[in-house]
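Dear colleague,

I am passing a structure on to you with this email, and below it you will find a short account of what turned up in it. Please have it open while you read.

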Amino acid sequence: MPESFLGDGLIFEELLPLAFSPGPLIEGLALARMNADNHQLLGAEASLDDVRVHEALKDESPALVHELQRLEFKLNILLRLTAEMAVRNNSLPPPQRCRLSSRGLEWFGETAPAVGITGVLSAYINPALPQPFWVSCTVIADGTADGGRVARLKFEGLSDTAVDLLEKLIFRHHRRLVAGARLASHQP
């Protein structure tokens, strides 16, 4: 399988809870609704990492900035606790090894869907947010990698905004990996 399937950009490789529901490709109003949900989810996911003081607050008193950061920290804790409760009440699909780009996903393992099937992929991209990233897709290829099966799912109908936010998520994930590797290399 050629490497160009996921594109030339960065790749998000992780163990994520994944599920696939076979069916026709999503179109029309349902597709617009799915893209709006993905936009909201990806925006929320980005806001979890956004803990820096915004440019708008640079002229405010340090006490106010500190108080706003403290409130944001408390809201993040509340969000994570709420997500944990939601996960306990709704079981997530099992984590699967995958590689994700804004164009598609490679799903490693025997539970991956078969070639030629269309449907909706649900990927839980952040454990703090128990809402899945939904995308209509077609399973276009499968093969073997690392001694096991891998299926390639091509995304269909993602809005430009969802693609942009997904690319930013992948970049943030890559940045965290690089920072983690640097930190690990500097420790004795």
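**What was found**

A search of the whole structure, which is a predicted model, finds 1 aromatic pair.

In one of them arginine 172 is joined to glutamate 45, with their closest N and O atoms 2.4 Å apart. Arginine 172 lies in helix H3 and glutamate 45 in helix H1 (residues 28–49), so this pair ties together parts that are 127 residues apart in sequence. Both partners are buried, as arginine 172 has a relative accessible area of 11% and glutamate 45 one of 2%.

A second salt bridge brings together the side chains of arginine 97 and aspartate 146, at 2.8 Å from N to O. This pair also links distant parts of the chain, with arginine 97 in strand S2 (residues 95–100) and aspartate 146 in the loop between strand S5 (133–145) and strand S6 (148–156). Here arginine 97 is partly exposed at 29% relative accessibility, whereas aspartate 146 is exposed at 65%. Arginine 97 also lies over the face of phenylalanine 108, 3.8 Å from the ring centre.

Arginine 99 and glutamate 106 form a further salt bridge, with the closest N and O atoms 3.0 Å apart, and both of these residues are buried. Glu13, Arg97, Arg99, Glu106, Asp146 and Arg152 are linked in a salt-bridge network.

Conventions
Residues are numbered from 1 along each chain as its sequence is written. This is a predicted model: local features need pLDDT of at least 70, side-chain atom pairs count only at pLDDT 80 or more; totals for chains, interfaces and linings use all residues. Side-chain values use heavy atoms; hydrogens and water are left out. Rings of Phe, Tyr and Trp (its six-membered ring) pair if their centres lie within 6.5 Å; planes under 30 degrees apart count as stacked, over 60 as edge-to-face and the rest as tilted. A charge sits over a ring if NZ of Lys or CZ of Arg is within 6 Å of the ring centre and within 35 degrees of the ring normal. A salt bridge is a side-chain nitrogen of Lys or Arg within 4 Å of a carboxyl oxygen of Asp or Glu. Helices (H or I, at least four residues) and strands (E, at least two) are DSSP runs, numbered from the N terminus. Buried means under 20% relative accessible area, exposed over 50%, partly exposed in between (1.4 Å probe, protein chains only).
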